[in-house]
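Dear colleague,

I am handing over the structure below, together with some notes on what was found in it. Please read the notes with the coordinates open beside them.

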Amino acid sequence: MSQLTAVDAGFLNIEGDRTRAHIGGLGIIDTTLCPGGRLTRADMVELVRERAHLARPLRSRLVQVPFGLDHPYWEDDRDFDAERHVHEVALPYPGDDRQLGLEVARIHERPLDRRRPLWELYLIQGLEGGRAAIYCKVHHACVDGVLAAETLAALLDLSPEGNTPPPFAGEPLTPPGLVPMLTQSARRVALHPVRTAEALARTVPYLDQLPIVGHLPGVREVSSALRKALGKENPQPAEVGPAPRTPFNAPISQHRAFAFGSLPLEDVKEVRRALGVSVNDVVMAMCTGALRQWLIDHDALPDQPLISVVPVSLRRRHGRDDGNALSAMFAPLPVHIADPEDRFYAVRGSMRGVKRRFAVSSGTWFEELTGILPPAVAGMATKLVLSAVPALNPVNLLISNVPGPQQPLYARGARVLAYYPASVITDATGGVNITVFSYDGNLDIGIIACPDLVPDSWNLVDYLRDSLSELQKLTKVPAEV
């Protein structure tokens, strides 16, 4: 039996006419090793049939609790048919990256059918250079970024020859019957006030770390006093807001744009080693430089840092093998600093403070706050909050860094050359999302944006390259004369 957590259900609740809550990935593939030099839809259907049992999100569908009294359950879809989930499209000539981005954006902006397992796969033919692509999207209620990478690995091989997948060894997911389901729901409703009080007690000591909330009168003093009373470390208060207004902080439309590109991972690691930071710090510095240039282009450079949501995986800590195990940090991006060196050290300093504060809070605030509302009203309340959020402007955008495999992967003999992530945008997190995925020696970048707010998202890819070059120059030591 597998019931969605409050965090999982939250990704169902945020969906509406303009918001989609699935994540995806675009794999560029070399089909020269496939029979006949071509990967077909039939190949992908057979691949899914062979391996769907290795990743539960591929074969599980939602079962709703009557009247929405509790979070839904997952059950194995007895009518699962890979044919319904695998599709094939072809790009018009010449099949360049811009055309591919348009096609992926059109697929990404369409909702998933909740009557079936919440995923779809598209084989995209006709790319220039004789290549093809695979685009797969899966609902965030099923997976977070780390589990999505693991699901991808279940479908792919470490060699072009492939391997025989192990047989299904688990138990089928079966939700409880109607009476047990309602009994469990009634028990949860009765205990909800107690759980809410416990959640608030665990969360209030760290409310000063949150945008907007942390700046309300008295919050900082109360949180600090509670941490002291609990014997917890009392780090410097977070400087995370208020977030400035930007062109991409407005209500999003139902349309999406997708831009992508790759950077050598070794170049990023070279900067990391030379400047004594983490790969994620380099990514944040790159994004800061790129966003600065984009804002200059649009005559919208603020005189204060942007505020970015940075998802953090808690999977290792929780030991979960399904659903979402994540939290988030709020990181200042000092786009207002013109000098590249000063800007980098400002990013480094702010990230150190952000990580320290997150470590003290243990990161559970996201789960705690998500579960405060009873399931029966959480959906409606979530939509009301989202409708009010643009006026509050709590953050500017979301930036995510997901580690991936550093060896090549194969699909029916076709080598995956690159894997570009595609994620979620909402009114709450702004009209642009930058996600990077490390794969086979590269840092693969995927940018999902609202084209009404960010009509030139491809420029951000170019500016990320420029920003990495800028950081590389900081690592060069002049030769002694």
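Contact, in what follows, means heavy atoms within 4.5 Å. Please also keep in mind that this is a predicted model.

With that cut-off, D267, V268, E270, V271 and L275 in helix 7 meet a group in helix 13 made up of L468, L471, Q472 and L474. By class, this contact of helix 7 with helix 13 comprises six nonpolar residues, one polar residue and two charged residues. As for the geometry, helix 7 (residues 265-275) and helix 13 (residues 457-474) have axes 9 Å apart and pack at an angle of about 35 degrees, and the crossing of the two is left-handed.

A second pair is formed by helix 8 (residues 279-297) and helix 10 (residues 340-361), whose axes come within 10 Å and cross at roughly 130 degrees, which makes helix 8 oblique to helix 10. Helix 8 passes helix 10 in a right-handed crossing, and the contact involves N280, D281, M284, A285, T288, G289 and R292 on the side of helix 8, with R343, F344, V347, M351 and K355 on the side of helix 10. Divided by class, the residues of this contact are five nonpolar, three polar and four charged.

Finally, S308 is part of strand 9 (residues 306-313), and because its relative accessibility is 0%, S308 counts as buried.

Conventions
Residues numbered from 1 in each chain as written. Predicted model: local features only at pLDDT ≥ 70, side-chain atom pairs only at ≥ 80, totals over all residues. Heavy atoms only, no water. Axes fitted to C-alpha atoms, helices over the stretch in contact; angles between N-to-C directions. Helix = DSSP H or I, 4+ residues; strand = E, 2+ residues; numbered from the N terminus. Left-handed = near helix turned anticlockwise from the far one by under 90°. Nonpolar A, V, L, I, M, F, W, Y, C, P; charged D, E, K, R; others polar. Buried < 20%, exposed > 50% of the residue type's maximum accessible area, 1.4 Å probe, protein only. Parallel < 35°, antiparallel > 145°, perpendicular 65-115°, else oblique.
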